[in-house]
Amino acid sequence: MDTAFRTPPHSTTTDGAPRTVGVEVEFANLDAPSAAAVVRSLYGGALEPEDPHRCRVTGTRLGDFAVELDMRSAHPGKSEEGDAGPLGKAVGKAVDGVVEALRPWWGNIGSLVMPFEIAAPPIPIDRLAELEPLFAALSAQGAAGTDASPLFAFGLHLNPQVARTDGDYVLDHLKAFLLLAPWLRREIRVDPTRRLTGFIAAFPVDYAVKVVDPAYRPDLDGLIGDYLEANPTRNRELDLFPLFAHLAPETMAAKLSDPHVRPRPTFHYRLPNARLGDPDWSLAQDWNRWVAVEELAADRDRLDALGADFRAFAARKALDGWAAEAGRRLAV
């Protein structure tokens with residue numbers, strides 16, 4: 001099992017600060033207070049319950065963790081907000097008491113099929129190994145991962161901070177991801193239920209063919225416009241909405257209205273399964289696969305060569321063989 005964490009080509013930001021990674025893991029069969037207690041036992045800090053299905057663990061040696069049921073209606077203050085108009089607001093006021101009384105019950109029902117989630121604070125890349133014991137400890141306390149049930153479409157999300165904020169840097173990483181996505185899916189063995197949910201849908205082939213073209217070099221606004229036209233959804237294996245909202249808030253606001261998009265200077269990589277309880281799985285494995293994307297992005301010659309070859313495979317309608325080809329090229 002691969003347990004050593006690889007360092008990406010760019011380990012610092014442009015100001016020399018160490019890059020960080022946010023990690024989110026989904027699981028079942030362990031409630032928020034119990035999972036929060038696991039976090040505190042490993043990293044210290046104070047456990048702060050916020051409602052029956054959400055806790056925070058603050059002041060740990062790594063920062064502040066959040067543990068919650070991944071179901072917005074279970075949490076006070078996390079329901080959808082918007083301009084409901086006078087009538088909607090009046091009706092809303094009339095039922096507020098009933099809604100708040102029902103929230104814990106919704107959470108209890110939702111916890112049967114919806115995951116709990118631990119969101120770790122941004123952690124320096126060279127300290128990622130300190131998170132590895134968390135997965136073993138959760139499993140030891142009975143937490144169930146993706147493989148435990150056909151109903152569990154649970155994921156591991158990685159949010160690597162970007163090293164730079166220019167359009168070429170972002171584009172190179174998108175190109176690299178599009179080229180390696182079939183290989184990543186094969187290596188990860190993405191859970192069938194997760195594929196069916198649509199939360200981690202693949203990018204359209206026509207869009208991938210367009211973007212990996214070595215001649216495709218739009219500016220940032222052009223990149224965002226093309227991305228949104230082909231991908232008007234957050235439900236992609238690599239969700240760039242948070243990064244775009246951080247880099248170009250006015251452009252995104254003019255083209256998109258989605259209260260769930262939180263601007264942040266990170267890639268939001270959503271593809272890996274959360275294989276808690278599997279002795280052959282580690283955080284390092286999935287992190288290292290992401291590093292392969294960053295390594296390709298940092299090598300323009302290899303990136304352009306693979307882009308041209310991908311387009312040739314697509315023209316021959318031979319992309320079913322691209323995962324093996326990409327894997328072969330990575331091994332060279």
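Author: Contact means heavy atoms within 4.5 Å, and helices (H or I, at least four residues) and strands (E, at least two) are DSSP runs, numbered from the N terminus. This is a predicted model, in which local features need pLDDT of at least 70 and side-chain atom pairs count only at pLDDT 80 or more, while totals for chains, interfaces and linings use all residues. Residues are numbered from 1 along each chain as its sequence is written, and side-chain values use heavy atoms, with hydrogens and water left out.

Reader: Which elements do the buried residues of α3 pack against?
Author: Buried means under 20% relative accessible area, exposed over 50% and partly exposed in between, with a 1.4 Å probe and protein chains only. In α3, the buried residues are E132, L134, F135, A137 and L138. They pack against β1, α1 (32-43), β5 (116-119), β7 (156-160) and α10 (283-297).

Reader: Which residues line the largest cavity?
Author: On a 1 Å grid over the protein atoms alone, a cavity is a set of points where a 1.4 Å probe fits but cannot get out, and lining residues have an atom within 4 Å of a point. β1 (20-27) and α3 (132-140) each supply at least two residues of this lining. The lining residues are V23, V25, I118, A120, L131, L134 and F135.

Reader: How many residues of that lining are nonpolar?
Author: Ala, Val, Leu, Ile, Met, Phe, Trp, Tyr, Cys and Pro count as nonpolar, Asp, Glu, Lys and Arg as charged, and the others, Gly among them, as polar. The lining of the largest cavity has no polar and no charged residues, and its nonpolar residues number seven.

Reader: In which sense do β2 and β3 pair?
Author: Two strands pair if DSSP finds at least two bridges between them. Strand β2 (residues 46-51) and strand β3 (residues 54-60) have five bridges, and a hairpin joins β2 to β3 through two residues. D51 stands opposite R54 in β3. The sense of the pairing is antiparallel.

Reader: Why does Y216 count as buried?
Author: Y216 lies in the loop between α6 (205-212) and α7 (220-230). Not counting residues up to four places away in sequence, Y216 touches L171, K175, K210, V211, G222, L223 and D226. Y216 counts as buried because its relative accessible area is 10%.

Reader: What separates the C-alpha atoms of Y216 and K175?
Author: Along the chain, Y216 and K175 are 41 residues apart. Their C-alpha atoms are separated by 9.7 Å.

Technical notes
1 Å grid on protein atoms, 1.4 Å probe; cavity = no way out; pocket = protein on both sides within 12 Å on 5 of 7 lines; lining within 4 Å.
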